[in-house]
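Q: Please look at this model with me. I want to know what stands behind each label.

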Amino acid sequence: MRSRYTAYYQGDIDYLIATHHPTQRYGGQRAAIGQSVATTTWLGLRVIATEAGQAADSKGVVEFIAYYADPRPGQVHERSRFVRQKQRWFYVDGDALPPVEPKRSDPCWCGSGQKYKACHGC
Ligand SMILES: [Zn+2]
């Protein structure tokens, strides 16, 4: 899941398609991802919770928040489902969740090491 975030960050469209479960790929997906990576600046990833998803599992769930800067600062908060087939993990789908406002004393999501209130929270 982190590797998919990194791929979004780096604009690695091939990797994003390759790690999307084959049954969930769709026509126009390459263009849609291309549009997304061209117009979105990702700022940071915060993993909220995980279920299973270890080497011995065939399924996993990851709840995460990915923060972006534009067109306006915002976040993708999602509970994503993954399956493992032939030793590889694939993203299947996810449930969109409401945005979460960080607490002022939380570490800032941008990875600066500062508290949220002293960084992007002001
Ligand atoms: Zn910050």
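A: Start with the elements: helices (H or I, at least four residues) and strands (E, at least two) are DSSP runs, numbered from the N terminus. On that basis the chain reads α-α-α-β-β-β-β from the N terminus on. That is three helices and four strands. The model is predicted: local features need pLDDT of at least 70, side-chain atom pairs count only at pLDDT 80 or more, and totals for chains, interfaces and linings use all residues. Residues are numbered from 1 along each chain as its sequence is written.

Q: What makes the pairing of S3 and S4 count?
A: Two strands pair if DSSP finds at least two bridges between them. Strand S3 (residues 74–85) is joined to S4 by eight bridges.

Q: What is the strand order of the open sheet?
A: The order is S1-S2-S3-S4, with antiparallel pairing.

Q: Why do S1 and S4 stand at the edges?
A: Strand S1 (42–52) and strand S4 (88–96) each have a single partner strand, so one side of each lacks a neighbour in the sheet. Neighbouring strands of this sheet are turned by 30° against each other on average, direction ignored.

Q: How do you know that Helix H1 packs on the sheet, and which strands does the helix touch?
A: Contact means that C-beta atoms, placed from the backbone, lie within 7 Å. Helix H1 (residues 2–10) touches S1, strand S2 (59–68) and S4. The direction of H1 makes about 160° with that of S1. Axes here are lines fitted to C-alpha atoms, for helices over the stretch in contact, and angles run from 0 to 180 degrees between N-to-C directions.

Q: Why is Glu51 called exposed?
A: A residue is buried if 20 or more other C-beta atoms lie within 10 Å of its own, exposed if 12 or fewer, and partly exposed in between. Glu51 has 12 C-beta neighbours inside 10 Å, so Glu51 counts as exposed. Its place is in strand S1. Leaving out residues up to four places away in sequence, Glu51 touches Gly60 and Val61.

Q: What makes up the largest nonpolar core?
A: Such a core is a set of buried Ala, Val, Leu, Ile, Met, Phe, Trp, Tyr and Cys residues joined through C-beta atoms within 7 Å. Val62, Phe64, Ala66, Tyr67 and Phe82 form it, five residues in all. S2 gives the most, with four residues. Of the 122 residues of the chain, 7% count as buried.

Conventions
Contact = placed C-beta atoms within 7 Å.
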